[in-house]
Amino acid sequence: MTAPHRGIIIIDFGSQYTQLIARRIREQHVFSEILPHDTALSAITKRNPLALILSGGPSSVYDQEAPDYDQEILRLDVPILGICYGLHLLSDYHGGQVEKGGTGEYGFANLNVLNPTALLEGINDGSQVWMSHQDRVIAPPSGWQVLAESSNGVIAAIGSVSQQRYAVQFHPEVIHTIDGTTIINNFLFKIAGCKPDWTPGNFIREQVEAIRKEVGDRKVICGVSGGVDSTVVAALLHQALGPAVTAVLIDHGLMRKNEARQCVSALKDGLGVNIHIINASESFLSRLQGITDPEHKRKIIGEQFIRAFEAATKKLGQADFLAQGTLYPDIIESGSAKQGPAAVIKSHHNVGGLPDEIDFTLIEPLKDLFKDEVRRVGSELGLPEALIGRHPFPGPGLAVRIIGEVTAERLDILRNADEIYMNILHEEGLYDEIWQAFSVLIPVKTVGVMGDSRTYENLLALRAVVSADGMTADWFRMPHDTLSRISNRIVNSVPGINRVVYDVTSKPPGTIEWE
């Protein structure tokens with residue numbers, strides 16, 4: 001594929017807010033990309049960035065275990081902004097003094113603006129900021145100016161206009177910093193000279209060009225599931241390559257009720273996509289028999305998907321490429337993120353769950369996007385709102401919404417319960433208020449009473465969250481009357497369930513999906 005869109009590179013030193021930096025920049029229609037702290041200079045220069053941002057992090061510049069980085073990066077002839085730990089790095093590198101330890105600052109503080117340079121232009125004295133640090137700069141590098149202090153007397157911002165180097169002790173990327181967006185915009189547009197051209201339309205044009213260049217006159221299979229991501233990929237590939245793309249829906253037997261048929265109808269009749277359905281449910285369920293570990297499930301499903309696509313080419317004609325709807329959060333959670341050795345939260349079937357040997361070259365045009373960005377691309381492509389606004393659905397399907405072993409009987413129970421849940425959300429006008437909602441079948445049986453008889457049946461959990469991109473989420477405050485209606489209808493209509501509970505866990509500490 002072609003080089004990434006030129007923009008801002010964020011060097012990640014382990015901050016819990018690094019993803020927020022990327023999002024805040026993209027909200028201003030400027031491309032941003034996160035790279036790990038140990039990225040080589042050559043990898044940076046290859047991308048020809050407009051500017052760099054050094055993230056915060058938990059380390060001290062004096063720690064022996066402090067993250068390694070290529071100091072040549074700090075000599076690049078582009079503007080650099082350091083945030084929190086990034087402030088300490090820039091100050092230490094240029095000869096300033098950083099004091100280790102002390103009382104630090106955590107939470108709210110106010111700025112005393114001493115020098116409203118381009119970075120702090122438009123920021124008034126007393127503006128609220130969010131602090132989260134222990135080390136602090138006690139003397140800036142020679143030739144640098146102190147731009148602001150905190151209400152606690154700590155240096156809060158420094159800069160060297162001639163070197164285009166700026167740094168702040170607070171976190172402009174979090175919402176608690178009232179003028180954070182203004183500060184980020186000042187850096188992007190007044191200092192780095194960025195243009196707000198990271199738009200859905202430009203993204204589509206760049207990807208169409210890149211896909212055509214890579215594929216040439218060869219053939220592509222596009223894996224679709226009916227979800228937003230794969231549907232957008234199918235539409236994008238269809239625009240780029242037309243009949244050279246064959247969309248394939250692998251019915252793994254783990255989809256929701258009537259989902260396979262609805263997906264094929266929407267893509268074929270609604271978008272004119274050349275699509276085929278392959279029923280592989282028997283092989284998937286056979287491989288999953290007796291498997292209870294969620295990571296094992298995901299890896300089995302990831303491998304089976306590839307094998308099913310390979311088998312499909314024998315029926316539909318050989319293809320050189322497999323296109324799939326991988327998103328940036330998929331890569332991050334699977335421990336394959338650009339920012340380096342991220343912890344594996346869970347292996348997404350299309351990332352960490354892929355087998356080592358596959359017969360295709362992967363095309364993943366959405367791999368740098370968050371979910372809300374994908375929806376905007378889908379809207380630009382002309383996809384119907386019913387598809388764009390659909391809740392996310394995991395590639396492994398109901399297999400990761402059944403805790404424990406996946407069986408045909410348990411799948412039927414979950415499908416019927418989930419259909420009731422979704423129907424009531426639509427009936428009560430709540431579906432579009434929720435980012436993702438689903439049911440989870442739990443391998444716990446509880447005692448109940450129905451009529452005059454004792455029951456001993458399954459426990460079902462309901463999950464509903466609000467989110468912007470899936471990286472963080474809060475549980476949806478479901479009206480009590482709605483919960484009562486859902487519970488009553490499920491218990492009275494679905495044999496095998498006699499108790500319903502509602503999940504009130506945010507992300508973090510929980511993930512959105514249970515497995």
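This is a predicted model: local features need pLDDT of at least 70, side-chain atom pairs count only at pLDDT 80 or more; totals for chains, interfaces and linings use all residues.
The largest nonpolar core has 51 residues, and the members that touch the most others are I250, Y421, L425, L460, L462, M478 and I490. Elements giving two or more residues to this core include β13, α8, α9, α13, β17, β18, α14 and β20. Helix α13 supplies the largest share, nine residues. Another core, of 41 residues, lies apart from the largest one; A240, A244, L249 and V273 are among its members. In soluble globular proteins, nonpolar side chains tend to be buried together.

L50 sits in the loop that runs between α2 (41-47) and β3 (51-54). N488 is 438 residues from L50 along the chain, and the C-alpha atoms of the two are separated by 57 Å.

Helix α6 spans residues 228-241, 14 residues in total. From its first C-alpha to its last, α6 reaches 20 Å, close to the 20 Å expected at 1.5 Å a residue. Twelve of the 14 residues of α6 are buried, so the helix is largely enclosed by the rest of the structure. The buried residues of α6 include the run V228, D229, S230, T231, V232, V233, A234, A235, L236 and L237, together with A240 and L241. A240 also belongs to the core of 41 residues. Just after α6, G242 has a positive phi of about 60°.

Methods:
Residues are numbered from 1 along each chain as its sequence is written. Side-chain values use heavy atoms; hydrogens and water are left out. A nonpolar core is a set of buried Ala, Val, Leu, Ile, Met, Phe, Trp, Tyr and Cys residues joined through side-chain atoms within 4.5 Å. Buried means under 20% relative accessible area, exposed over 50%, partly exposed in between (1.4 Å probe, protein chains only). Helices (H or I, at least four residues) and strands (E, at least two) are DSSP runs, numbered from the N terminus. The expected span of a helix is 1.5 Å times one less than its number of residues.
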